[in-house]
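Below is the model I looked at, followed by my notes.

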Amino acid sequence: MTTSVTIVGAGLGGLTLARVLGLHGIPVTVYEADPSAQARTQGGQLDIHEHNGQRALEAAGLGSEFRSIIHHGGEASRILDQHGTVLLDEPDDGVGHRPEVLRGDLRRILIDSLPDGTIRWGRKVTSAASLGAGRHALTFADGATVTTDLLVGADGAWSKIRPLLSDAKPRYVGTSFVETYLYDADERHPAAAAAVGSGAMSALTPGKGIAAHREANGVLHTYVELSRPAEWFTAIDFADAAAATARIAAEFDGWATELRALITDGEAPPTLRMIHTLPNEHRWDRVRGVTLLGDAAHLMPPSGEGANLAMFDGAELGSAIAAHPGDIEAALDAFEEAMFARSASEAADAHVILDLCLGDRAPFGLIEFLTGTREGERA
Ligand SMILES: Cc1cc2nc3c(=O)[nH]c(=O)nc-3n(C[C@H](O)[C@H](O)[C@H](O)COP(=O)(O)OP(=O)(O)OC[C@H]3O[C@@H](n4cnc5c(N)ncnc54)[C@H](O)[C@@H]3O)c2cc1C
């Protein structure tokens, strides 16, 4: 008898798994807390890497759909100092190794690829319990329950499935990002648009930075990065957008006006994203009938890899389940051993990258890392 798969979470990881399982004819249901596909804006642009994200989309049979949503010209990147001086400028070479797409577009092509009814929207899991013999019970916010054959936690940083496997809890890394948006930037915010250029811009100093991305349709999407204790941020009332904007902008007094404009001219309420991590070596002993993927398994600071890794996990797990008919535990063993190794290495890199961006030698450590030289300090 074919085991049916229950996935909690319709993020990029869970959706990729659902699609790959569907291609192999394996029955799958996804439970998602959001009430609908449109319930939440899906954040910014992601670069999709050849060795993981793109391979996952090929395994999902969505290569051509992916190519149709690429934002061409978005691969340029530059590093500035706080006065707006360009220290490193790397134009888009047009080779397309790291094509940029909007997260919302990527999620849409995955959702559209699934048969109607695969995703059960508005089903927030509140707890999961073992029933023995590899079966589990999920309880939802409305009190309903379901029983699972194979359960996959793809429910992100605050996974409700993780406690079945591990006691690990996300730890605050000491840095938070505040997200802002400027629209119609070339017409309405030309100085900020010129500072950002055609792709990604990072203006970095020790402990603080402004990292912005030019997205499709003249949108400037910014992460204001600040290394401050969690209480510093929780003392700010983000429900009062004007006061929160002023408080964050005050940290950048003396910075170039065109960079501060990415904060002060924000046209959407500033959104706080506190950055948490699981231990780099997070792993667990095999527990029958359940596993994790993506952020639920290996939450790490943003390094441009998390979404790529989540999709790759989804594709790898789907392929492993299809390759081991009748032996789910062998599939999970193979998947987890490979995932533990690749995510430990990526997590270690993610912490190094965060330190290069905001550590004592910012931005010169990052410039050296990107160029392989010490030219940063001479610039
Ligand atoms: C500020 C920031 C910037 C980032 N930038 C990048 C980047 O440029 N490139 C990149 O590759 N990665 C980036 N990442 C990382 C990336 O966002 C994550 O690694 C990726 O989204 C993980 O995907 P996932 O499917 O595992 O989890 P998620 O995307 O978190 O999806 C989990 C899903 O589960 C649902 N869910 C949660 N709890 C429940 C529940 N109890 N019941 C039912 N459903 C539930 C959620 O609603 C969600 O739909 C960034 C992260 C942050 C914080």
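I count a polar contact when a pair of N or O atoms lies within 3.5 Å; within protein, one must be able to donate a hydrogen and the other to accept it, and residues adjacent in sequence count only if both atoms are side-chain atoms. This is a predicted model, where local features need pLDDT of at least 70 and side-chain atom pairs count only at pLDDT 80 or more, while totals for chains, interfaces and linings use all residues. Residues are numbered from 1 along each chain as its sequence is written, and side-chain values use heavy atoms, with hydrogens and water left out.

**Entry: Glu305**

I found Glu305 in the loop between α10 (295-298) and α11 (306-323); helices are DSSP runs of H or I, at least four residues, and strands are E runs of at least two, numbered from the N terminus. Its side chain makes a polar contact with the side chain of Asn52, at 3.0 Å. Is Glu305 buried or exposed? I read a relative accessible area of 8%, so Glu305 is buried (under 20%; exposed is over 50%, partly exposed in between, 1.4 Å probe, protein chains only). Setting aside neighbours within four places in sequence, I listed His49, His51, Asn52 and Glu346 in contact with Glu305 (heavy atoms within 4.5 Å).

**Entry: the two domains**

I noted domain 1 (5-72 + 96-168 + 279-358) and domain 2 (171-277), with bounds from an automatic or database domain assignment. Their centres, taken over C-alpha atoms, are 28 Å apart. Domain 1 brings 16 residues to the contact and domain 2 brings 22. Across the interface I found 5 residue pairs in polar contact, both at pLDDT 80 or more. On the side of domain 1 that touches domain 2, α12 gives the most, with 4 residues.
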